[in-house]
Amino acid sequence: MESAVFAAAFAALIESNPQTKIAKLSDIHLEQRDPLDPTPIIPIASPGRPTHPELVAPKDLPRRRNLAEAENRAALLHAFAHIEFNAINLALDALYRFRQMPAQYYADWLKIAVEEAYHFNLLCEHLQTLGFAYGDFPAHNSLWEMAVKTDADVMARMALVPRILEARGLDAVPPIRQKLANIGDQRACEILDIILADEIGHVRIGNYWYHWCCQERQLEPIATFVALLRDYEAPVFRGTLNHIARQAAGFTAEEMALIESLKE
């Protein structure tokens, strides 16, 4: 029986309506996966997304400091929702694009897609209580730009998307959660707690498959990581590492020291 796994993942990936995209996750049945699936692997410059939010350069996003104002808080939660929406597409692309990986790889990335969809819906529901919806604020496209850069090599994808871009959330969530707690938005805090706990697992999966690729190719992980950062012009690190969360996500002390040494 011909597998429909990769075709189903592609259909979800290019779907532009967020809720239809999420519904299509249930069409991906991994037990039918066939390593010889003829579904072609094509470059995707842009996955399916709604016409809004408007995508702008990160530097063009307005800075909103007073989170006690509902609009500013909504803009912050919208930024998180956009990250989660992008993360659904990233997980689907990791599943669709890279063939001949072990069965657990596909189970891991489908699980991540489902959890990112759950996060997206939680954030959208809370946005509605503030009188806003996904698409009401501009957003940037940096996560997907790195996905395009790494679409030819699963090792580069695992090294630079989960371990660099997505791992930033492990560092960023706790101080933002504290700010939201300070203004009494308990529901936002609860949502961020769920996201942080799940994202530790997602980054751990990226770490696992990066090291798996290095072992398969007989490459030293640290030196290879440094080379990938240089070759793919990965963004430099800013801020403070959440050592506890990163350790739980599978980063070694040596890796964290390396990342901190690359601060701008």
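Reply: Leu196 is buried, at a relative accessible area of 19%. Buried means under 20%, exposed means over 50%, and partly exposed is in between, with a 1.4 Å probe and protein chains only.

Some ground rules. This is a predicted model, in which local features need pLDDT of at least 70 and side-chain atom pairs count only at pLDDT 80 or more, while totals for chains, interfaces and linings use all residues. Numbering runs from 1 along each chain as its sequence is written, and side-chain values use heavy atoms, with hydrogens and water left out.

Leu196 sits in helix H8. Helices are DSSP runs of H or I with at least four residues, numbered from the N terminus. Contact means heavy atoms within 4.5 Å. Setting aside neighbours within four places in sequence, Leu196 is in contact with Gly169, Leu170, Val173 and Pro174.

Now the helix itself. H8 spans residues 186-217, and its axis comes within 10 Å of the axis of H9 (residues 221-231). The two axes cross at roughly 105 degrees. Axes are lines fitted to C-alpha atoms, for helices over the stretch in contact, and angles run from 0 to 180 degrees between N-to-C directions. H8 is therefore roughly perpendicular to H9. That class covers 65 to 115 degrees; under 35 counts as roughly parallel, over 145 as roughly antiparallel, and the rest as oblique.

On the H8 side, Tyr210, His211 and Cys214 meet Pro221, Thr224, Phe225 and Leu228 of H9. This contact holds 5 nonpolar residues, 2 polar and no charged. Here Ala, Val, Leu, Ile, Met, Phe, Trp, Tyr, Cys and Pro are nonpolar, Asp, Glu, Lys and Arg are charged, and the others, Gly among them, are polar.

H9 also meets H6 (residues 154-166), with axes within 10 Å and crossing at roughly 85 degrees. So H6 and H9 are roughly perpendicular too. From H6 come Met155, Ala156, Ala159, Leu160, Arg163 and Ile164; from H9 come Thr224, Phe225, Leu228 and Leu229. By class, this contact has 8 nonpolar, 1 polar and 1 charged residues.

The side chains of Glu255 and His211 make a polar contact at 3.0 Å. The term means a pair of N or O atoms within 3.5 Å; within protein, one must be able to donate a hydrogen and the other to accept it, and residues adjacent in sequence count only if both atoms are side-chain atoms. Glu255 belongs to helix H11 (residues 253-261). It is buried, with 1% relative accessible area. Beyond four places in sequence, Glu255 is in contact with Arg163, His211, Ile222 and Gly250.

Arg163 turns up again around Arg246, a residue of helix H10 (residues 243-248). Arg246 counts as buried, at 1% relative accessibility. Not counting residues up to four places away, Arg246 touches Arg163, Ala167, Arg168, Leu170, Asp171, Phe237, Leu241, Phe251, Met256 and Ile259. Arg246 and Arg204 are 42 residues apart in sequence but 8.5 Å apart in space, C-alpha to C-alpha.

That leads back to the start. Leu170 is in contact with Leu196, and Arg246 touches Leu170 as well.

Conventions:
Helix = DSSP H or I, 4+ residues; strand = E, 2+ residues; numbered from the N terminus.
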